[in-house]
Amino acid sequence: MTIATIDPTTGELVREFAPHTAAEVERILSTAEAANALMARTTFAQRAEWMRRAADLLDAELEHAAGLAVREMGKTIATATYEVTKSANGMRWYADHAEAYLAAEEPVPAASVGASSARVVFQPLGTVLAVMPWNYPFWQVIRFAAPALMAGNTGLLKHASSVPQTALYLGELFLRAGFPEGAFQTLLLEGAAASALLEDRRIRAVTLTGSVGAGSAVAAAAGRNIKKSVLELGGTDAFVVMPSADVARSARFAALSRTQNSGQSCICAKRFFVHADVYDQWLDAFIAEMGEISTGDPMVDGTGFGPMATAQVRADAHELVEDAMAKGVTVRLGGVLPEGPGWFYPATVLTEVTPEMRIFREECFGPVACVYRVASIDEAIERANDSDFGLAAGVWSADPDEIDRLQTELDFGSVFANGNSASFFGLPFGGVKDSGYGRELGSFGIREFVNAKTVWTA
């Protein structure tokens, strides 16, 4: 895939970049390896000072950074600004909490293991490769980089080929903030090259957010080379509405979830399971809410959502809709590929979705909602769990017992009640089944890439 900035609003090529040569990759790897010893010797206080300085730089350059996200993947200026600010705050979170997250522990009394002292200490692994997606070009990177660097690791970023300017900006940010040369660097490489990098023994671990295919390839390479991997691979997230739910509020939140980031979000609702008692009322409200969210120029304040990120992503989403239409789906809203420049796609609502339709099981990365009528909480749980994925789910009910049962029995990495799925600095984020393994964020995220070393003294 060409490494280039192509404006999603117009479809025009803005700037193209040559991939790093073999010699440049070797220099970057060598620099990262040399930085490992420096990073391992630094204190939490020193790393926190650098991390806060990097966050301050990001805040100071907010307009420029947010503009990159708009130009490279079509995010609205409002959501791009929010993402960059969230990234800076996430950096500060780890600056404030990393030392406590990685404090030495004494899990058992020393005498019980025949020792005068027995504890567990957490030490960095070394160079971690991050293979990151385009949909949240800042936040996806920072939620890896902040904990990895605060733990004393070095990081290599292989970003999506469609956001090279964002990748290069992030590759320089930490050096400008004071981190040692080589602590965090960007590799400009095409997609298939990521797996080959794992053959190099200087890379100790890998984290990837992306498709199942990409995750499988990287995990296979990591396994072959006995390296730790963390995968976040998307989802067909469920949204369950029970009769006691606030119909208007849940419909509004459902529409915001499905159109957020032009529908290009792993943890936003895609499959809506609505109890028969409120189905007709809820569906009418949902269609109205979806129809009122405007699409257009992402640089204009008030635009609900902008274009999709690439021509291929839009084509993939529309292909799923067309397949469903050919097999008898009911299109309640949207579903028509718009004419004109850019990669825009309308908010779309489908009902009567059946198992022979690809969209029944496949993730649709676009503003397309599939709504299902269910007769009971049992059916809602069964159908929501009938997915190869298990990243996030949302449940809407005023009954505490219903909420407890749904949150217990839905097979997802997270289940949110009466609010939309989101990622938070202090809570673990990740999925089960084909949504991947391992966790990001919170204490769980920073402990993915450390050696939990037992230190025992007779």
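The crossing of helices H12 and H13 is right-handed, a crossing being called right-handed if the near helix is turned clockwise from the far one by less than a right angle, and left-handed if anticlockwise. The model is predicted, and local features need pLDDT of at least 70, side-chain atom pairs count only at pLDDT 80 or more, and totals for chains, interfaces and linings use all residues. Residues are numbered from 1 along each chain as its sequence is written, and side-chain values use heavy atoms, with hydrogens and water left out.

H12 (residues 377-385) and H13 (residues 400-409) pack at an angle of about 25°, with their axes 11 Å apart; axes are lines fitted to C-alpha atoms, for helices over the stretch in contact, and angles run from 0 to 180 degrees between N-to-C directions. The two helices are therefore roughly parallel to each other, a term applied to angles under 35 degrees. Helices (H or I, at least four residues) and strands (E, at least two) are DSSP runs, numbered from the N terminus. On the H12 side, Ile377, Asp378, Ile381 and Asn385 meet Glu402, Arg405, Leu406 and Glu409 of H13, where contact means heavy atoms within 4.5 Å.

Seven strands form an open sheet with mixed pairing, in the order E11-E12-E13-E10-E9-E15-E16; two strands pair if DSSP finds at least two bridges between them. Strands E11 and E12 (residues 348-351) run antiparallel and are joined by three bridges, with Val331 opposite Leu350 in E12. Helix H12 packs on this sheet, touching E9 (238-241), E10 (271-275) and E13 (368-374), and its direction makes about 145° with that of E13.

A second open sheet, of six strands, has the order E6-E5-E4-E7-E8-E18, again with mixed pairing. Strands E6 (184-186) and E18 (436-437) each have a single partner strand, so one side of each is left without a neighbour in the sheet. Helix H1 (residues 22-41) packs on the sheet, touching E4 (127-131), E5 (154-158), E6 and E7 (203-209), with its direction at about 150° to that of E5.

The chain is divided into domain 1 (4-233 + 432-457) and domain 2 (238-417), with bounds that come from an automatic or database domain assignment. Their C-alpha centres lie 30 Å apart, and 25 residues of domain 1 are in contact with 32 residues of domain 2.

Terms used
Angles under 35 degrees count as roughly parallel, over 145 as roughly antiparallel, 65 to 115 as roughly perpendicular and the rest as oblique.
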